Amino acid sequence: MTKKETTGFRSYYQDKDKQKGRRALPDEYFGDESEYKRGMIVTAHADDAEFSCSGTVAKWCAEGWEVVYVLCTDGSKGSEDRSITSEQLAAIRRQEQIDAGKVLGLKDVVFLGYPDGYLEPTLDLRRDIARQIRIHKPDVLICLNPVRDLNVFHGVNHPDHIASGEATMAAAFPAARDHLTFPELYFDEKLEPHKAAEAWIVGTNEPDFYSDVTDHIDTAIKALLEHKSQLGDFKPEDLDARMKEWRRDSAIGRGMKYAEAFKRIRFRM
Ligand SMILES: [Zn+2]
């Protein structure tokens, strides 16, 4: 398919045979990853990114991308330790995420500080994420699945994950793009609008893109191991095996050893 043909994507959708395919749009419809240089990963909690997409993050950082994490919650609830306070837990989770970011080579980790466990896709959250998009100007945004899908994660997903995914998608399109949306960002904070090229969504049942992380899997696992308070009874070698198993499954039949799976959404035409 030529570039010219891909511009008529409405007619592409109308082709019933192509609708049956795993991917509704042709590869050429999406941008060229080699032209992107800035990434932003928006998640709910410390360790969400390390479990889902840290191989891709490690690859981007190794290739010289500027990569920023935005964590929506303060991580103050996810523990079975009866002796710890929310404040203590939040401080631990924050430091562990900073340490993991150093392993990966992140430019920055931004903590929005919403209370863990209660996240909703509010206008305040949308504006806070849009602000970070305008500041850091990512080409690619990675976010969590904004839809509750009963066919992934055995039907169980954290509500904060879904809320962060929805708020991120809404922030990228159209809030970060339009200077009259959340006008205080432009008129008071002097932040120019920004249109990300694409969103890459993790945790969907319909991935259509596989990022080869074979050369970066060890860095990804090393970053995950920085989340010591989240690892519970997992031994490092067990976690190493599980991370590789997931990524090996995603790579089957694609000429890669380890891959991370995404659904790509294009914003920038
Ligand atoms: Zn999480």
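**In what order do the seven strands of the open sheet sit?** The order is 3-2-1-4-5-7-6, with mixed pairing. Strands here are DSSP runs of E with at least two residues, helices are runs of H or I with at least four, and both are numbered from the N terminus. Two strands count as paired if DSSP finds at least two bridges between them. At the edges sit strand 3 (108–114) and strand 6 (209–212), each pairing on one side only. Neighbouring strands are turned by 25° against each other on average, direction ignored; axes are lines fitted to C-alpha atoms (for helices, over the stretch in contact), and angles run from 0 to 180 degrees between N-to-C directions.

A quick note on the model: it's a predicted one, where local features need pLDDT of at least 70 and side-chain atom pairs count only at pLDDT 80 or more, while totals for chains, interfaces and linings use all residues. Residue numbers start from 1 along each chain as its sequence is written.

**Strand 4 and its partners.** Strand 1 (residues 38–43) and strand 4 (residues 140–144) run parallel, paired over four bridges. Gly39 stands opposite Val140, and Val42 has Cys143 as its bridge partner. Strand 5 is also parallel to strand 4, joined by five bridges, and there Leu144 is partnered by Val202.

**Strand 4, face by face.** In a regular strand the side chains alternate between the two faces of the sheet. On one side of strand 4 you'll find Val140, Ile142 and Leu144, on the other Leu141 and Cys143, and all are buried. Buried means 20 or more other C-beta atoms within 10 Å of the residue's own, with C-beta atoms placed from the backbone.

Helix 8 (residues 159–175) lies across strand 1, strand 2, strand 4 and strand 5 (198–202), at about 150° to strand 4. Contact means that C-beta atoms, placed from the backbone, lie within 7 Å.

Beyond its neighbours within four places in sequence, Leu141 contacts Met40, Val42, Thr168, Ala172, Ala196 and Ala199.

Methods: Two residues are in contact if their C-beta atoms, placed from the backbone, lie within 7 Å. A residue is buried if 20 or more other C-beta atoms lie within 10 Å of its own, exposed if 12 or fewer, and partly exposed in between; C-beta atoms are placed from the backbone.
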